[in-house]
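Colleague: I am new to this structure and would like to learn how to read its features. Could we go through them together?

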Amino acid sequence: MYIRSKKSWYELFVYSAAHFIVDFSCAFIMAELVMERETGAALLLVYNFCAFAMQLFIGIAADYINKNAVVSALGCILTALSCFFQKNLAIVVIFAGLGNAIFHIGAGIDILNSDTSSSKIFPAGMFVSTGAFGIYLGKVLGNKQYMQSVVIILLFITALLILLTAAYLGKLVSSGNMEVSFNIKSTWHYISAIMFSSVVFIRSYMGAVMYFPWQGNIACGSLLITIMIVLGKCFGGVFADKAGSMKASIISLACASVLFMFSSNIVPGLLAVFLFNMTMPVTLWFLTAILDKCKGFAFGILTFALFAGYYASYRRPGMVLQDSTVLSAISLVMAATGIITFYAGKGKRECV
């Protein structure tokens, strides 16, 4: 079994549901208050900086604080408070962005600290997968003003549920983080960390600029892509646990490369997106293996790479990547990067 106890299942379920709610709330707040404004692009950049780049520094603090559930709940509350500052949008995006970052770090460390996550990738995949659907739904409902009260209530309830869950699991006072150390054992692991960050940067940039010819021609095009992203991240962990991380990454990216060649058609395009996202939990799991005594910092390194990919697309407004050959080539490059990475880390968790 992937998860050996009901308590572990409960923790994973609560944090995965909370991830959906926080990402839904942030996407809703941005869609309702920010995106249609004249300064929307600049404000969105500030939000993304706070939400992703700042996790690098918040992660270090959370590693030391050792109260992951409290940190995560604080993120929910800060996100909710952003709704009360509509007359100052700078405060809205800073509070919402930092709230998002603080939640992700606290929840992420707890998930990665679980006994099951020490040997299985599935929990990380399950946790990260729910956010994509939350973002999609938040954007869709962004013009429904009555939803703002619902969002605030949901966030406070989520914060309370996280704290109650931690108390139930005996993790409220101390989360069991390891004594913090930033030492990396070998040069190969430095190479691995750089490779993992590069893969995340590429995936982030592609996610921002990738567009399929059929995407705007069907009513549910964006929804179908979101579903494939969610399923890819979730089942990527399952596949990696069954087949092995290296084999799963190479197979998924190589197959994605082939399917991207035919992505002008909807079915191969959707399957390519599904396969392309399967390595997401693998990169997270392995980097936290390398930096096992500072998992919040490791989490933050990857989210900083996410922001860097977004910023690269921001610097080229209107950039759209829809050439199937280029998409295929990028997927192959990522597969090659994966091979180097896993050889650098010996391809085994226990060797890290």
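Colleague: How do the residues of the lining of the largest pocket divide into nonpolar, polar and charged?

Modeller: The classes go by residue type: Ala, Val, Leu, Ile, Met, Phe, Trp, Tyr, Cys and Pro count as nonpolar, Asp, Glu, Lys and Arg as charged, and the others, Gly among them, as polar. Here the lining has 32 nonpolar, 14 polar and four charged residues. This is a predicted model, where local features need pLDDT of at least 70, side-chain atom pairs count only at pLDDT 80 or more, and totals for chains, interfaces and linings use all residues. Residues are numbered from 1 along each chain as its sequence is written, and side-chain values use heavy atoms, leaving out hydrogens and water.

Colleague: Which residues lie nearest the centre of the largest pocket?

Modeller: Rolling a probe the size of a water molecule over the atoms shows where empty space is left. A pocket is an open set of points on a 1 Å grid over the protein atoms alone, where a 1.4 Å probe fits, with protein on both sides within 12 Å along at least five of seven lines; lining residues have an atom within 4 Å of a point. Of the 50 lining residues, Ile 135, Lys 139, Ser 204, Gly 207 and Ala 208 lie nearest the centre.

Colleague: How many helices and strands are there in the protein?

Modeller: Both are DSSP runs: helices are H or I with at least four residues, strands E with at least two. The protein has 14 helices and zero strands.

Colleague: And what share of the residues is buried?

Modeller: Buried means under 20% relative accessible area (1.4 Å probe, protein chains only). Of the 352 residues, 55% are buried. As for overall extent, the C-alpha atoms fill a box of roughly 50 × 50 × 35 Å along the principal axes.

Technical notes
Buried < 20%, exposed > 50% of the residue type's maximum accessible area, 1.4 Å probe, protein only.
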